[in-house]
Amino acid sequence: MNSSQFKGKQHTGILATEPVPNWSKLSRAEEVEIHGHGRAITSGLIDMLALDGSVLWLQQNDGKGRALFLNSDGVRVYRRQRISKN
């Protein structure tokens with residue numbers, strides 16, 4: 001998987017940026033997109049995050065509820081940034 005595949009991907013005014021390999025650098029309530037097997041799996045807000053970055057709970061968008069992701073499962077997390085409309 002190549003991170004440049006996802007640069008510029010827009011989804012409701014949000015841009016997925018580079019993957020964050022060290023999940024301990026993420027913060028609670030940060031908007032992220034989860035990728036696995038070369039495609040976006042889900043997106044939402046980080047609800048809980050282990051201090052060591054090994055696990056995160058995601059409150060998924062579109063009313064899909066919470067989901068648990070393990071860093072050891074090989075999924076990639078991309079920070080999402082809102083695109084300002086000027």
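These legends accompany close-up views of a predicted model.

**View 1. The largest nonpolar core of the predicted model brings together 12 residues.** Its members are Val20, Trp23, Leu26, Val32, Ile34, Ile46, Leu56, Leu58, Ala67, Phe69, Val75 and Val77. Strand 3 (31-36), strand 5 (55-60) and strand 6 (66-70) are the elements that each supply two or more residues to this core.

View 2. Leaving aside residues up to four places away in sequence, Leu26 touches Val20, Val32, Ile46, Leu49, Leu56, Val77 and Arg79.

**View 3. Arg80 sits in strand 7, which spans residues 76-82.** Is Arg80 buried or exposed? Arg80 counts as buried because its relative accessibility is 7%, and the cut-off for buried is under 20%. Look for Ser43 as well: its side chain and that of Arg80 are joined by a polar contact of 3.0 Å.

**View 4. Gln59 is a residue of strand 5.** With a relative accessible area of 34%, Gln59 is partly exposed. Which residues does Gln59 touch, not counting those up to four places away in sequence? They are Ser43, Gly44, Leu45, Asp47, Gly65 and Arg66. Another pair to pick out is Gln59 and Ile46: they are 13 residues apart along the chain, and 6.2 Å separates their C-alpha atoms.

Definitions and conventions:
Residues numbered from 1 in each chain as written. Predicted model: local features only at pLDDT ≥ 70, side-chain atom pairs only at ≥ 80, totals over all residues. Heavy atoms only, no water. Core = buried A, V, L, I, M, F, W, Y, C linked by side-chain atoms within 4.5 Å. Buried < 20%, exposed > 50% of the residue type's maximum accessible area, 1.4 Å probe, protein only. Helix = DSSP H or I, 4+ residues; strand = E, 2+ residues; numbered from the N terminus. Contact = heavy atoms within 4.5 Å. Polar contact = N/O pair within 3.5 Å; in protein donor to acceptor, adjacent residues only side chain to side chain.
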